[in-house]
Amino acid sequence: MLAGKKIILGITGSISAYKAALLTRLLVKSHAEVRIIMTDAATEFITPLTLSTLSKNPVLNKFVRNESGEWNNHVELGLWADSMIIAPASANSIAKCANGFCDNLLTATYFSARCPVFFAPAMDLDMYKHPATQANLQKLTSFGNQIIPAENGELASGLVGEGRLAEPEHIVSFLEKYFSQSEISNKKSLAGKKVLITAGPTYEPLDPVRFIGNHSTGKMGFAIAERMAAHGAQVELVTGPTHLQLTNSNIHITRVLSAQQMFEASARIFPQSDITVLAAAVADYRPAEIADQKIKKKEDSFTLNLVKNVDIAATLGQQKQPGQIMVGFALETENEESNAQEKLRKKNLDMIVLNSLNDKGAGFGHDTNKISVIQKDGNLQRFDLKSKTAAAEDITNLIIDLLVEKAAQTS
Ligand code: CTP
């Protein structure tokens, strides 16, 4: 059953678009709330009227509704959904989603979606087998999306599926299985656990109008907060300045500016936390003095006296109790792995997530990240470049493994 699930069904231009009518009918029958977005090409194969009648909601197609001039907000749509399914997914739409093109409402919504996205490809077999399509499908998978192949579609060549659209019944049961499995694993994994996460940059004031800061956006820390909350944890997120918003009500947010404020908020929450993830880019130094008034321009050169900030990770690491798990981050530009290993030891962490500025698409501001994770025993795992949400899911799963390990040691 998909009771209460909010599903965006994206329909693209393929002859099998006619099957979207049955798919809509089955989703509604399974008690899902369905909103449909069609590409222009899809409207050539099946009428929006059929689909709006079946889904009991207007079908969306353009960024702006012609009759009222209203904006179809793809960001809101993307946040509204519990899942998005693109069926049929044409070779063209797959290519757009895999390569960052968002020239229609459907693909723009895909890029705004924070929920799991499923693609049910549909195209002629030669198009499907083409290395470009296969590479695009692999890219989509590496971004954390799932492909729903046609049933019995495993080909000897190692391709997934055979280009034929999966039957609507199969798509619905695939979704039902996904939701029931994720609900079971959510219940099992972090339910009842208290998690402290630091995120974002810190701003160290200089005078009433200036500060020293860094380029961190908080995306990675927020993604971890979302994933851990989705796994049932009660999350306390302490964040420096960022424009990001949260979607899960199991996350309580404390907004701070400076490293000192971040430390005070974290130190207050830390003793009750089972798991602490330090994803913030904390300024190592702050101006020794904060001027009451705006500092005026005088000499040709200006020397700023800086003093060291408290190391939140190291201080909390010293207070860590045997049952508590602490995970740190390391952003390095050289000798990445040995520097990260040294930080893990010095700060008494259980695990450290390394992202290197040398990797394309990784680090500050990007929506993707390429991480390596080092455990206390020196074990190192390298992950592919993927969305920060997918990387956050990997980190969450490793933390769950650590919890299970710790529980086994103490029992
Ligand atoms: N960290 C912290 N408080 C600080 C500095 C860092 O909690 N004052 C945490 C970060 O959140 C991260 C880890 O320590 O989890 C490593 O941060 P990083 O900036 O990579 O290392 P530093 O210890 O600051 O060392 P350096 O700047 O010399 O690389």
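Modeller: A salt bridge is counted here when a side-chain nitrogen of Lys or Arg lies within 4 Å of a carboxyl oxygen of Asp or Glu. Side chains of opposite charge can pair when their charged atoms come close. The model is predicted, and a search of the whole structure finds 15 salt bridges.

Let us begin with D103 and K96. Their side chains meet in a salt bridge, with a distance of 3.0 Å from N to O. D103 is exposed, at 52% relative accessibility, whereas K96 is buried, with a relative accessible area of 14%. The cut-offs behind these words are under 20% for buried and over 50% for exposed, with partly exposed in between.

A second salt bridge joins the side chains of E226 and R114, at 3.9 Å from N to O. This pair links distant parts of the chain, as the two residues are 112 residues apart. E226 belongs to helix α10 (residues 219-230), while R114 is in the loop between α6 (105-112) and β4 (117-121). E226 counts as buried because its relative accessible area is 13%. R114, at 40% relative accessibility, is partly exposed.

D350 is buried, with a relative accessible area of 4%; K376, by contrast, is exposed at 53%.

These two residues also have a place in a network: K320, D350, K376 and K406 are linked by salt bridges.

Finally, a word on cysteines, whose sulfur atoms can be examined for another kind of link. The structure holds zero disulfides. C97 is in no disulfide, and the nearest cysteine sulfur, in C102, is 9.4 Å away. C97 is buried, with a relative accessible area of 1%. For C115, the closest cysteine sulfur is that of C97, at 12 Å, which is too far for a bond, because a disulfide requires two cysteine sulfur atoms within 2.5 Å. C115 itself counts as buried, at 12% relative accessibility.

Terms used
Residues numbered from 1 in each chain as written. Predicted model: local features only at pLDDT ≥ 70, side-chain atom pairs only at ≥ 80, totals over all residues. Heavy atoms only, no water. Buried < 20%, exposed > 50% of the residue type's maximum accessible area, 1.4 Å probe, protein only. Helix = DSSP H or I, 4+ residues; strand = E, 2+ residues; numbered from the N terminus.
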